[in-house]
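Please read this report alongside the sequence and the 3D view.

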Amino acid sequence: MNYRRYRVSRRTRRMAVGSAVVLVLAGMNGPAIWGYASDQYHEYKINQPEYKERNGHWTVVDVPEEYRINTIHAALLHTGKVLLIAGSGNNAANFKAKSFRTVLWDPVKNSYRNIPTPKDLFCAGHTQLPDGKLLVAGGTQRYEKLGGDVTKAGGLMVVHNEDPDKPMTLPAGTRFTGKKNGKTFESKDPVLVPRAKKTQDEESRKVTVTVSTARVYVEALGKGHEYETGLTDNYSVRGLKGTDARNIYGIANKLSFDKKDFQGIKDSYEFDPVAERYVTIDPMNEARWYPTLTTLQDGRVLSVSGLDEIGQVVPGKNEIYDPKTKKWAYLPKERFFPTYPALFLTDKGRIFYTGSNAGYGPADKGRVPGVWDLASNDFTEVPGMSDPDVLETSMSVLLPPAQEQRYMVLGGGGVGEDKKSTAKTRIVDLRAAQPRFRDGPDLYAKARYPSSVILPDDTVLTTNGSGDYRGRSDSNVLLAEIYDPKKDSARAVADPLVGRNYHSGALLLPDGRVLTFGSDSLFGDKANSKPATFEQQIDLYTPPYLHQGGKRPEIKDTAPRAVELGGKTKLRTVQKRPLVKVRLIRPGSFTHVTNIEQRSIALDFTREADGVSVTLPKDPSLVPPGWYMLTVVDDRGVPAEAVWVRVPKVEAEAGAGKTDGKGAGDEEEAAEEE
């Protein structure tokens, strides 16, 4: 009788040996060795081809010491490089020393360059412009001081100007002395006070002058509670004489030792990816710290919310940047949002607010999701949001493909430092006759600050977050999942290498991998007794589709090209499997759980002998002008490395929310005269 010899597979032998080693060592040396052996086996397991094919794989980017920064903001540029912005990096010592950092990283060459950073762009807003530059606006004027850390009485001084003939600029260091209390306070920044408004009644010819105001933060000259004030007082401005002394004065309520919030700046810059430098442009009309910038269908940019120059949420004064004139103008009507609101460009140039935000603002104002018409200022609420009181620090995504206009809100927490968090995901279809949120599959855990990235195969990777405010009580979540919108289901994938919560994020790269960065925990231990260290490690996640074996599709035409809306372009491709999708993906710009830039647009295509011919949609609110990654995907879901395509602005398009810049303030008029 012949017997065929059975041969144990290499994988089975390895697993058996690994298990035997674990058991033997555990018996000899107890829990410590068991833990070590378990870690060794885990490393072995996650590096197996079968595991990677199912779950993907994480690796650490080798960043030289001199280029390691506290990355707060990250944006993919059309050169393929990634702009990593720290500013002062949430480090008060860096702020005091005016040590502001930006690093430009080339993922292909793994090369780095330090970029001179003109101002503290920590907690700015940013967005992609039609010509490929990155607009960066706002940032930090002054760091937060908690009640116990405030050593000088201070607060808001409202400076008045009764002169209708000229504005007045008061430099930093201007001193204000109370007429009743006799106490003197000093301004920390320059302030422009517009001229008073003069109107004349047509019938009576009577002239009316309306005083103008501006605000500035002031502090006492010395330390101690004897400098604190009580009731409202009128303050004279030292150094002014004659009519100026009568026309220009300050009014302040109590100037005290209360907590002082962060304060914003008006400064704005365009980062030029070709010259690799910041270019100064006109400042915003409002100082903003934690603003959201949203590119509109005509290429202009909406700037919303943020903390102003005295640390208060900008009270609904929203403005538009025109890349052609390089100037800012107010929207004619006001609308209030908390800081870093998730505002997406949607159909007809309207704005969809998902309710996600990342911080400051009252709990009962500006938190309800809805569709905002910029032209009329109408706001239509979208109902059905579950856990509506834990939307702060949630993530929002325009699900792929963008034509379907379905949005997903993932996780979130309570307002401020509230301990509450949620694992809910919520989905809404804006194409429905009466849009309403419904619950999607639960996230891997209750999580604030999750990071979600749209992948080329029409799925969404979500990773990390923390169960409590800024990872408090060792609540970082070391989990990740991929959600399939078509199946409305999610599955777990490879665990991230480090915890990431506040000040973290993720971006899709042209080669189909995902970059993750940052994390700024409050504490470094479960007992909340040790200070934490900012996570400077950068990781790369290679999704399962890049571990499928065999060759991925390849686009042979790699030179950048311009394709108009409704236009066609041909791609020469090489592939082993049939191509089933063509996707146009806008490069991400991520900060503070906010990446409203990313969107994946399905393109119509026809197969040809040596490639595909693709057609872009005609709708500029679906495809706002700018640079995009263009990729093809085969029947396994494997994408080609993307090529860059520029979609130019349609000059005939009037755009949404057209404004002449009047109606919310006249500071710009005074600034021009000055």
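## A buried tryptophan

Trp289 is buried, because its relative accessibility is 0% (buried means under 20% relative accessible area, exposed over 50%, partly exposed in between, with a 1.4 Å probe and protein chains only). This is a predicted model: local features need pLDDT of at least 70, side-chain atom pairs count only at pLDDT 80 or more, and totals for chains, interfaces and linings use all residues. Residues are numbered from 1 along each chain as its sequence is written, and side-chain values use heavy atoms, with hydrogens and water left out.

Trp289 sits in the loop between β21 (277-281) and β22 (292-295). Strands here are DSSP runs of E with at least two residues, and helices are runs of H or I with at least four, numbered from the N terminus. Leaving aside residues up to four places away in sequence, the contacts of Trp289 include Phe122, Cys123, Phe262, Leu307 and Tyr360 (contact means heavy atoms within 4.5 Å). Thr140 is also among them. The side chains of Trp289 and Thr140 are joined by a polar contact of 2.9 Å. A polar contact is a pair of N or O atoms within 3.5 Å; within protein, one must be able to donate a hydrogen and the other to accept it, and residues adjacent in sequence count only if both atoms are side-chain atoms.

## Salt bridges

How many salt bridges does the structure hold? There are 39 (a salt bridge is a side-chain nitrogen of Lys or Arg within 4 Å of a carboxyl oxygen of Asp or Glu). Three of them are tabulated here.

| Pair | Closest N to O |
|---|---|
| Lys259 and Glu144 | 3.1 Å |
| Lys424 and Asp439 | 3.0 Å |

Lys259 forms a salt bridge with Glu144. Lys259 is in the loop between β18 (248-252) and β19 (263-264), and Glu144 is in the loop between β8 (140-142) and β9 (154-161), so this pair ties together parts 115 residues apart in sequence. Lys259 is partly exposed at 39% relative accessibility. Glu144 is partly exposed at 29%.

Lys424 pairs with Asp439 in a salt bridge. Lys424 lies in the loop between β31 (406-410) and β32 (425-429) and Asp439 in strand β33 (residues 438-439), so the parts tied together are 15 residues apart in sequence. Lys424 has 26% relative accessibility and counts as partly exposed. Asp439 is partly exposed too, at 34%.

Asp610 belongs to the loop between β47 (604-608) and β48 (611-615) and Lys570 to strand β43 (residues 568-574), so the pair links parts 40 residues apart in sequence. Beyond these pairs, Glu417, Lys419, Asp468 and Arg472 are linked in a network of salt bridges.

## Strands and hairpins

Strands of a sheet pair through backbone hydrogen bonds, either parallel or antiparallel. An open sheet of 4 strands runs in the order β41-β43-β48-β47, with antiparallel pairing (two strands pair if DSSP finds at least two bridges between them). β41 (554-555) and β47 stand at the edges with a single partner strand each, so one side of each has no neighbour in the sheet. β47 and β48 are joined by 5 bridges. Asp604 stands opposite Thr615 in β48.

Strand β34 (residues 451-454) is covered on both faces: Ser451 and Val453 are buried on one side, Ser452 and Ile454 on the other. β34 runs antiparallel to strand β35 (residues 460-463) over 4 bridges. The two form a hairpin with 5 residues between them, and Asp458 in the turn has a positive phi of about 70°.

Strand β25 (residues 327-330) has a covered face, Trp328 and Tyr330, and an uncovered one, Lys327 and Ala329. Strand β24 (residues 319-322) pairs with β25 in the antiparallel sense over 4 bridges. Glu319 has Tyr330 as its bridge partner. This hairpin has 4 residues between the strands, and Lys326 takes a positive phi near 65°.

## Cavities

The whole structure contains 6 cavities of 30 Å³ or more. On a 1 Å grid over the protein atoms alone, a cavity is a set of points where a 1.4 Å probe fits but cannot get out; lining residues have an atom within 4 Å of a point. Grid points are joined across faces, edges and corners, and a volume is the space filled by probe spheres set on the points. The largest cavity holds about 90 Å³. Its lining includes Gly125, His126, Thr292, Leu293 and Glu597. β6 (125-128) and β22 are the elements that give two or more residues to this lining.

Definitions and conventions. On a 1 Å grid over the protein atoms alone, a cavity is a set of points where a 1.4 Å probe fits but cannot get out, and a pocket is an open set with protein on both sides within 12 Å along at least five of seven lines; lining residues have an atom within 4 Å of a point.
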